[in-house]
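Good morning, and thank you for joining.

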Amino acid sequence: MSGLDLLSIYASDSEDDEIDDNSKPNENSKRLPLPESIVAWKGVPHHEEVYDDPLQHEGRVRSFKHERGNWATLLYINYEPCEVMLSWMLLVMEEMPVKCNIFSEQCHISITKTLILKFHWIESFVEEIKKLCEQTDQFTLELLNVRAYINEEKTRTFFGIECDDCKGVLSHLVKNINNFLAEYNLPSFYEDCSYHISFLWCLGNEFEVLNSHTHSLTAKLNQFLVEHAEARYIHVTKIHLKIGNKLYAFKLR
């Protein structure tokens with residue numbers, strides 16, 4: 001509703017309060033004209049619906065519709081591949097029989113599903129995640145093998161490098177996060193979860209195609225890690241949280 005509409009309603013309500021039903025309007029009284037600056041006001045939509053255009057996202061389709069007050073939320077471990085690892089990923093992409101795209105700088109290890117967070121939950125949610133991280137030791141993940149994955153909607157297929165939670169620290173953290181999510185009636189992480197770095201993706205359900213290459217790619221990955229031992233381990237010192245367009249990074253102790 002525009003400012004002008006609000007002023008009109010206010011004027012109407014005020015007149016109703018002041019008019020005596022048994023009296024006649026004063027013919028000499030005149031309503032003051034609205035200032036030109038107010039007359040020129042235009043209403044501004046409080047919320048505009050956002051339309052998902054797959055053409056602007058390399059054909060990707062959003063898993064859920066934009067809705068006012070809902071914030072897409074994800075907890076993850078950031079992973080920046082070193083130069084030699086990125087080169088290996090690009091070689092894999094070139095060998096694939098289907099068109100694939102590389103994540104490159106967007107590589108990460110998810111530790112929650114994509115959640116829908118209400119605006120009024122954000123402050124307490126952030127504080128609770130920060131507290132959990134402060135109580136969790138830093139830990140190390142080891143790169144193991146290549147696996148194929150597909151999202152729940154079966155609209156995209158992925159190659160991921162599976163990671164081993166060497167001392168179980170990550171599993172303990174995820175368990176605590178799941179308990180916390182239950183308080184908000186939010187879905188927990190996958191029961192049979194596989195911590196992995198997604199590095200290639202393609203549109204549609206190409207699981208069988210990608211899965212047929214995992215054995216040979218695992219052998220190539222293991223050979224690569226023998227030659228580049230520095231790339232085998234990921235030392236995790238922070239957990240990242242993305243809520244809408246806001247990014248948070250919480251240090252582990």
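I start with a definition: two strands pair if DSSP finds at least two bridges between them. Strands (E, at least two residues) and helices (H or I, at least four) are DSSP runs, numbered from the N terminus. This is a predicted model, in which local features need pLDDT of at least 70 and side-chain atom pairs count only at pLDDT 80 or more, while totals for chains, interfaces and linings use all residues. Residues are numbered from 1 along each chain as its sequence is written, and side-chain values use heavy atoms, with hydrogens and water left out.

Let me begin with strand E9, residues 238-243. Strand E9 pairs with strand E10, residues 246-251, in the antiparallel sense, over six bridges. Within that pairing, Ile 243 faces Lys 246 of E10. The hairpin of E9 and E10 has two residues between the strands, and Gly 244 there adopts a positive phi near 60°.

E9 also has strand E1, residues 70-78, as an antiparallel partner, joined by four bridges. Here Leu 75 has Leu 241 of E9 as its bridge partner.

Apart from neighbours within four places in sequence, His 240 is in contact (heavy atoms within 4.5 Å) with Leu 74, Leu 75, Tyr 76, Asn 78, Tyr 248 and Ala 249.

E1 in turn pairs with strand E4 in the antiparallel sense, again with a count of four bridges, and Ala 72 stands opposite Ile 116 of E4. In a regular strand the side chains alternate between the two faces of the sheet.

I turn now to the open sheet. Five strands form it, with antiparallel pairing, in the order E2-E7-E6-E5-E8. Its edge strands, each pairing on one side only, are E2 (101-102) and E8 (233-236). Helix H3, residues 83-95, packs on this sheet and touches E2, E5 (139-150), E6 (156-165) and E7; the direction of H3 makes about 30° with that of E7. Between E2 and E7 (residues 196-203) there are two bridges, and Ile 102 has Leu 200 in E7 as its bridge partner.

Next, the helix pair. How do H4 (residues 122-134) and H5 (residues 169-183) cross? Their axes come within 11 Å and cross at roughly 155°, where axes are lines fitted to C-alpha atoms, for helices over the stretch in contact, and angles run from 0 to 180 degrees between N-to-C directions. H4 is therefore roughly antiparallel to H5, a term for angles over 145 degrees. Contributing to the contact are Ser 124, Phe 125, Glu 128, Ile 129 and Leu 132 of H4, together with Leu 173, Asn 176, Ile 177, Phe 180 and Leu 181 of H5.

Finally, two loop residues. Lys 154, in the loop between E5 and E6, has a positive phi of about 60° although it is not a glycine. Asn 185, in the loop between H5 and E7, likewise has a positive phi, near 60°. Asn 185 counts as exposed because its relative accessibility is 74%.

Note on methods:
Parallel < 35°, antiparallel > 145°, perpendicular 65-115°, else oblique. Buried < 20%, exposed > 50% of the residue type's maximum accessible area, 1.4 Å probe, protein only.
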